[in-house]
Amino acid sequence: MPAKSSTIVTALTAAAVVVVGVLGYQAAASAPDTLTQARKDSHRSAPKDHSDRRGTKDRAPAPAPVPAASGKGQRVVYSLGDKRVWLVGPKGKALRTFTVAPSTVSPPLGTYAVSSRSVSVTGSDGIAIEHVVRFANVDSVTIGFSAAVDGSRPDPDSSKKTGGIRESRDDGKALWDFALHGTKVVVIA
């Protein structure tokens, strides 16, 4: 009998280790990169640079402010003229902003809602794309944000009607995480 119960205990222990390993892997794979980066940086403080106290040191440009006429509350703002997207939190502050490569068909100015999403598909230009967030239709052309799997941001061929607004893969992942089904999308000039 002792040999039989020890076999059962060994099997249960091995199964538990496998389950914990799989759950750990899934948790690590689904964690956003921003949390991982924050965790890495949280134990260090930035070194102080006292080399130039007059304020003439080169500084990174301030992020583009959220356009004033883009509504209120949590939303995605897409500026056709600036070729820029803002992910705006519930208090009206930009959580992230980035440039995009516009599609050949632009949505009319106005307010939309995310209508569908796809993890990965082939774009109308034949390129494999991911993190597709769709929000409008214009003359049978579906308009949405996406990132090319190969990282490219092509110049759209004006002879073709395409609705894919391309962003980098990192920006595409951020927009995917932010813009769930029904999220407001505001298109401005």
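Tyr78 is buried, and Phe145 is buried as well; buried here means under 20% relative accessible area, with exposed over 50% and partly exposed in between, using a 1.4 Å probe and protein chains only. The model is predicted, so local features need pLDDT of at least 70 and side-chain atom pairs count only at pLDDT 80 or more, while totals for chains, interfaces and linings use all residues. Residues are numbered from 1 along each chain as its sequence is written, and side-chain values use heavy atoms, with hydrogens and water left out.

**Aromatic residues**

Three aromatic pairs turn up in a search of the whole structure. Rings of Phe, Tyr and Trp (the six-membered ring of Trp) pair if their centres lie within 6.5 Å; planes under 30 degrees apart count as stacked, over 60 as edge-to-face and the rest as tilted. Two of the pairs are listed here.

| Pair | Arrangement | Centre to centre | Angle between planes |
|---|---|---|---|
| Tyr78 and Phe145 | edge-to-face | 5.7 Å | 80 degrees |
| Phe135 and Phe145 | stacked | 5.2 Å | 25 degrees |

Because Tyr78 lies in strand S1 and Phe145 in strand S7, their pair ties together parts that are 67 residues apart in sequence. Strands (E, at least two residues) and helices (H or I, at least four) are DSSP runs, numbered from the N terminus. The pair of Phe135, in strand S6 (residues 128-138), with Phe145 in strand S7 links distant parts of the chain, 10 residues apart. Phe145 has a relative accessible area of 0% and is therefore buried. Phe135 also counts as buried, at 4% relative accessibility. One aromatic cluster is formed by Tyr78, Tyr112, Phe135 and Phe145.

Elsewhere, Arg117 lies over the face of Trp176, at 3.6 Å from the ring centre. A charge sits over a ring if NZ of Lys or CZ of Arg is within 6 Å of the ring centre and within 35 degrees of the ring normal.

**The sheet**

An open sheet is formed by five strands in the order S3-S2-S1-S9-S4, with mixed pairing. Strand S3 (94-99) and strand S4 (110-113) stand at the edges with a single partner strand each, so one side of each has no neighbour in the sheet. From one strand to the next, the twist averages 20 degrees. Two strands pair if DSSP finds at least two bridges between them.

S4 and strand S9 (residues 184-188) run antiparallel and are joined by four bridges. Ala113 stands opposite Lys184 in S9, and Thr111 has Val186 in S9 as its bridge partner. S1 pairs with S9 in the parallel sense, also over four bridges; here Val186 in S9 is the bridge partner of Val77.

Thr162 is placed in the loop between strand S7 (141-148) and strand S8 (164-167). At 12% relative accessibility, Thr162 counts as buried. Leaving aside residues up to four places away in sequence, Thr162 touches Ser103, Thr104, Val105, Ser124 and Val141, where contact means heavy atoms within 4.5 Å.

Methods:
Axes are lines fitted to C-alpha atoms, for helices over the stretch in contact, and angles run from 0 to 180 degrees between N-to-C directions.
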